Amino acid sequence: MAKCDLKVLPRSFYGQTDLLGLIYRKAHHVMTGPDAVLAACLARVAAATVPTVVVDYQRCPLNLYAAIIGPPGAGKSKAATAARHLLPNVGIDADWIPAPSGEGLCDVFLGKADKETHERSQIKQTAFAYVDEGQQLHKAGQREGSTTLDVMRSMWAAQPVGTMNADPDRRRQLRGDSVRLGLVVGYQPDVALQLFRGSAVGDPQRFLFVSCLSPDADRVRPPNVPELDWRPNDRGRALAIPSEVAHFLSDNEWQIATGRRAVDPLEVHDLQNQLRVAAVLALFHDPDTDTVSPEMWNAAGQIMGVSVENRRRLAEYERAKLDEVNDEKLNRDMANERRKKDARDDHANAERLLNRIVARLSKDVMTRQDVSQFAGKRDRRFLDAALALGFQRGLVLERQTANGGREYASPQ
């Protein structure tokens, strides 16, 4: 049976800074995965950071999406809740909202329509959305006319979103760079596979994939971690990145643009996600920072390495499940063919025995015991079927004897 074992960050990762150590301790206190708590915290930090804070490399936005993966009851909700307890009041305009429809997600940021102009002004900039079970998100996205996933894709990329409805009061228009969204979705492995159905439009490419399990958790819970003393700095700015990182990113883009490097479709946003994670990590450690240090870039690389591996393992899991389905179908088909062949063989044997019985009855009447002995040990199991065929075709007559037994005769 196919199984999906996800990778987690090594314990040493959480020893790099005191803040990461607190994340690790909090996760083990509530008995969930540190990677899941960290990803949810990063999504909350991103959601608390105003849209005018970007990375200076191509004005990269900081919208961040995380998929927390685990079996039922493994701690997906606990991880998101732990992040909320660590960062409860961080100034997010619309906090802990569900993932509504695409129109509803736009409405989160907009006020009511002006009675005279019918225009809807933007009244909020930041939002954190949490979906306890990813099935809800994909059910909403599959409804006819749904724009949920479309809007989420556009918001992640800081592209314009909205609808130009004929009714002025229902028009929704948002500049992509005017909103900031952090999104956390809990997924069971089988449901997470639905993300891959949108790989052609970039759904799985936009997410961090983290496990909610913690294989090395101690049996004894560590002390709890109180609320973190973290507040965002709303000063709009572009965070500088190390020159070697900027050169690496620029060279990578040049190689792709010139056809010198081919990119796996699932990997197209990996470096941009790493850039976002690095910037959010930097802000998490110092909300007043103007730079992304090499240490934060490298830590983000470790996080992305685990995310990319988990995405690969989920894709492998999907292929393994498809193989299982195909194998089961093949086995069913083979079993059906065997049953059909056995039935054909049984029918042929019954026909052969019937011909023998008809030839014998043309000479003499036979009792049930006579017929059974005549069939012999090898063909006795086909006797009832042979007689039934004989009765049906009028080739064999059955009569009751004087002593209550049965005898068989030819109709001629």
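Helices here are DSSP runs of H or I with at least four residues, strands are runs of E with at least two, and both are numbered from the N terminus. This is a predicted model: local features need pLDDT of at least 70, side-chain atom pairs count only at pLDDT 80 or more, and totals for chains, interfaces and linings use all residues. Residues are numbered from 1 along each chain as its sequence is written, and side-chain values use heavy atoms, with hydrogens and water left out.

Start with the five-stranded sheet. It is open and parallel, in the order β3-β4-β7-β2-β8. Two strands pair if DSSP finds at least two bridges between them. β3 and β8 (207–211) are the edge strands, each with a single partner, so one side of each has no neighbour in the sheet. On average, neighbouring strands are turned by 15 degrees against each other, direction ignored. Axes are lines fitted to C-alpha atoms, for helices over the stretch in contact, and angles run from 0 to 180 degrees between N-to-C directions.

Look at β2, residues 64–69. Five bridges join β2 to β8. Ala67 has Phe209 as its bridge partner in β8.

Trp96 sits in β3, residues 94–97. Trp96 is not a glycine, yet its phi is positive, about 60 degrees. Ala158 also is not a glycine and has a positive phi of about 60 degrees. Where is Ala158? Ala158 lies in the loop between α6 (148–156) and β5 (161–163).

Last, the three-stranded sheet. It is open and antiparallel, ordered β10-β12-β11. Met366 has Tyr408 as its bridge partner in β12.
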